[in-house]
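Colleague: I have some questions about the terms used for this structure. Please set each value against its definition.

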Amino acid sequence: MTIKIFCLAIALLFNGVICLAQDRHYTFTTNILAPLASARVSNPTAFTLLPLASNLEYGFTASAGYIQNKCGFDARLTIGKANSYAWTPQLQIGYQYYFNGKHLDKTRSWYVGASLRYWDYINQYTHSQRHSISPNLIAGYMFEPTRRLIIDIRLSQMIGVASVSNIDHSRAAANLQFSPMPLLSPVLPFVSFNIGYKWTPSSNVLTTPAF
Amino acid sequence: MKKMTLFAALCCAALMGCSKDWVNYSPMDMNGATLGYDDANAPKRLRAAAVAIQPSATNKSETLDTIRALVERIKSEHNDIQVIVFGELILEWYYQADTPVAYQHHMAEIIPSATTDFIKTLAMTHQVHIAVGLTELDTPSNQLYNTQILLRPTGELIKYRKRNLNETDLDNNIQAGNTSQIVDIDGIKCAMFICSDMQSDAVTHELANQEIDVVLQSLTTTTDLHTQVSYVGNQLNKWIVFANRYGKEGDFDYTGFTHIINPVGTISERAVGKNVYVYRNMGIY
């Protein structure tokens, strides 16, 4: 399993290296459900499940991306609280490979990729911090319903996690992990619905952005 | 401009929700690797067990016999045991849907009682602290409380009344307690704790400010999401002796999952089933 994941990562990296610089686009998006994931929803089931639809991002997320021909890179910064006592700032960096998908004058494309997520679980009452880092596989669909407005629907699947805590006498650990709630589901992907703006420099050779 | 301001205010109100003191749990509370905790060289130790039994709906004597059998079994298997914790309202069903209030009144104990004397005898005979959850009837006020009692090997009885009530408590016409209860067990500071007390932001904050070593938590729950990382463990960052119940009670099916959780939020010991227990020799720094 580890070897297969390693080979997939190498393949994605190889595709990234051979991308030619012709069409360049910059994207700026936000996760529209991240604020709701941080809200004090009274229903406990909804409070537990809603973050699965916000990619486990709580509060506010700002994402900036760069798409060059078929390849893309992005970074996501999230600041917010998972509940009343825990802050969970996050930083994610990712790579995407966009398949061809032209349709008249609209642009849309499926993509696959990988990302690395870092977060700090800060318990503001006990002053404990748990730093974690997790690799994820991602897949998604980005489209442009109107000029420059983009909608990006993304699926993210964690494949492992490593953590370290500031609590005295604690020991760091790393696990192969596909779900934060394995008894609910042993494999649990997260979804995010992102909306934003795509800017295409006027120096691009092609007039129509090509994913 | 006014419309935008009003819209923003409504959004903020919706996002903030009610100001009710209630903590719900999120996937991020359990998201992380299974951290280790080195307590082998800790200067102090507390040997504790958490038990999940199936109580009888109507026959309290049968339930007390089950408690006695588990205490004797734990003592025979772990002669150094210092404290045994049983679940919340463990002398009866947690909720009886047909006549919930009448049922709780019928099963309630006026403390002290023959029932508490039975448990006191167990504690004195086996020289172990025993914590048990029960419904208490306060005679002056005729009000019901969700209470956890601790019987010491000396025979002393200490009680704690649940402060943060959930909907089932309210349906049972339970009244809230208003004080914490910290007990010293052989030099270890322990907090008495019942179920949804952990879902109070104020109680959580209070517990963090007190120099508690161990939380003795009697609870009733079906929320079992992770076998290795505990949301309440990451919330309290203390040793937690987490005792549940087993059995089908109306629409609720309790698996009896019972834990001992270490201060980094890792489930150190876990058992699932009927009349099971977990034991841990906890190192306290």
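Colleague: Where does A:Arg148 lie?

Modeller: A:Arg148 is in the loop between strand 8 and strand 9 of chain A, where helices (H or I, at least four residues) and strands (E, at least two) are DSSP runs numbered from the N terminus. This is a predicted model, in which local features need pLDDT of at least 70 and side-chain atom pairs count only at pLDDT 80 or more, while totals for chains, interfaces and linings use all residues. Residues are numbered from 1 along each chain as its sequence is written, chains are lettered from A in the order in which they are written, and side-chain values use heavy atoms, with hydrogens and water left out.

Colleague: What makes the phi of A:Arg148 worth a remark?

Modeller: Its phi is near 75°, a positive value in a residue other than glycine. Most residues other than glycine have a negative phi. A:Arg148 belongs to the hairpin of strand 8 and strand 9 of chain A, which has two residues between the strands.

Colleague: Why are strand 8 and strand 15 of chain B called edge strands?

Modeller: The open sheet of six strands in chain B has the order 8-9-10-11-14-15, with mixed pairing. Strand 8 (182-185) and strand 15 (267-271) of chain B each pair on one side only. For strand 15 of chain B, the antiparallel pairing with strand 14 (residues 258-261) of chain B runs over four bridges, and B:Ile261 stands opposite B:Ile267.

Colleague: Why is the link between B:Asp38 and A:Arg171 called a salt bridge?

Modeller: The term asks for a side-chain nitrogen of Lys or Arg within 4 Å of a carboxyl oxygen of Asp or Glu. The side chains of B:Asp38 and A:Arg171 meet at 2.3 Å, N to O, so the pair qualifies. B:Asp38 lies in the loop between strand 1 and strand 2 (44-52) of chain B and A:Arg171 in strand 11 of chain A, so the pair joins two chains. The count between chain B and chain A is one salt bridge; over all chains it is 23.

Colleague: Which strands pair across the two chains?

Modeller: Strand 11 (residues 170-171) of chain A and strand 1 of chain B pair in the antiparallel sense over two bridges. A:Ser170 stands opposite B:Tyr37 there.

Colleague: How many residues make the contact between the chains?

Modeller: Counting heavy atoms within 4.5 Å as contact, chain B gives 40 residues and chain A gives 49 residues.

Colleague: What is the area buried between chain B and chain A?

Modeller: Buried area is the accessible area (1.4 Å probe) that two parts lose on being put together, summed over both. For chain B and chain A this is about 3600 Å², of which carbon and sulfur atoms give 57%.

Colleague: Which peptide bond is cis?

Modeller: The bond joining B:Ile111 and B:Pro112 is cis, with omega about 0°. B:Pro112 lies in the loop between helix 3 (100-107) and helix 4 (114-126) of chain B. Most peptide bonds are trans.

Definitions and conventions: Pairing = 2+ DSSP bridges.
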